[in-house]
Amino acid sequence: MRPLALLQGLSRPRRAVVALPLLVLLALPAAAHVLNTDLSKLSRTEIFWTYLQLGFTHIIPLGFDHILFIISLYILEPRLKPVLLQATAFTVAHSITLGLAMYGFIQPPSSIIEPIIALSILFVAIENIITDRLNPWRVAIVFGFGLVHGMGFASVLTGLGLPPKDYFGSLISFNVGVEVGQVTVILLCWALVGRWAANKSWYKQRVVIPVSVVIGLVAAYWTVERVFFA
């Protein structure tokens, strides 16, 4: 039986019980990036692949907050074109602030950036609940949040460092890895949900609202944790 058909056969409370543990697992603390490689001994091609992998793993599996943000962007309008447009705006924005931060033009404090990242997830989750369609200004909002998320990415790269002999190339490859991770999340959402449920009359009530509520609760928890206990 297809997973979606199985969920359709469950009552609404049971669907919530099934979905809740899967999403709450994403609230667990992420493991830290570890780079056990002497970059001075690597060729530029090897450096490219190393930072590509670091960018990807920063989303999958380590970037729980970024995964929830991408899921929140996707579920309101579960077609590939709208969400890829939003993801492109997000990528352009985070590339700008990531580059500015890594070259020392801005120095965003993580004590401010991390709570704002959590709030951005909460904002999108709430918007999903209260609106029935994708509004034109959503792309601009996503671009603004992308600027903030890019500063969060910068904290990871600052800890890892970038190789002097290919500073710009490794920065680009990290960005590419992040983008590949984001697109992977989008395609998984499409394959598991959007492909089967996008045009169903019950999609809003049975998918968008329950998932957004759970994501919103997780984001609210993160916000409190990052403001008062980080």
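1. Let's start with a term: a salt bridge is a side-chain nitrogen of Lys or Arg within 4 Å of a carboxyl oxygen of Asp or Glu. By that rule, D65, E114 and R226 are linked in a network of salt bridges, and a search of the whole structure finds 4 salt bridges.

2. Before you go on, please keep in mind that this is a predicted model, in which local features need pLDDT of at least 70 and side-chain atom pairs count only at pLDDT 80 or more, while totals for chains, interfaces and linings use all residues. Residues are numbered from 1 along each chain as its sequence is written, and side-chain values use heavy atoms, with hydrogens and water left out.

3. Now have a look at D65 and R226, whose side chains meet in a salt bridge at 3.2 Å, N to O. Because D65 sits in helix α4 and R226 in helix α9, the pair ties together parts that are 161 residues apart in sequence. Helices here are DSSP runs (H or I, at least four residues), numbered from the N terminus.

4. R226 also meets E114 in a salt bridge, this time at 3.4 Å, N to O. E114 belongs to helix α6 and R226 to helix α9, 112 residues apart, so this pair links distant parts of the chain.

5. Is R226 buried or exposed? R226 has 16% relative accessibility, so it counts as buried; buried means under 20% relative accessible area, exposed over 50%, and partly exposed in between, with a 1.4 Å probe and protein chains only. D65 is buried as well.

6. Another salt bridge joins R138 and E127, with the closest N and O atoms 3.5 Å apart. R138 is in helix α7 and E127 in helix α6, 11 residues apart, and both residues are buried.

7. Of its 49 residues, F69, I71, L98, L157 and F174 touch the most other members. The largest share, 9 residues, comes from α4. I71 touches V185, C189, V211 and I215 (heavy atoms within 4.5 Å), not counting residues up to four places away in sequence.

8. Finally, a check on α7: its 23 residues should span 33 Å at 1.5 Å a residue, and its end C-alpha atoms are 33 Å apart, which agrees. The expected span is 1.5 Å times one less than the number of residues. After α7 comes G161, whose phi is positive, near 85°.

Note on methods
A nonpolar core is a set of buried Ala, Val, Leu, Ile, Met, Phe, Trp, Tyr and Cys residues joined through side-chain atoms within 4.5 Å. Helices (H or I, at least four residues) and strands (E, at least two) are DSSP runs, numbered from the N terminus.
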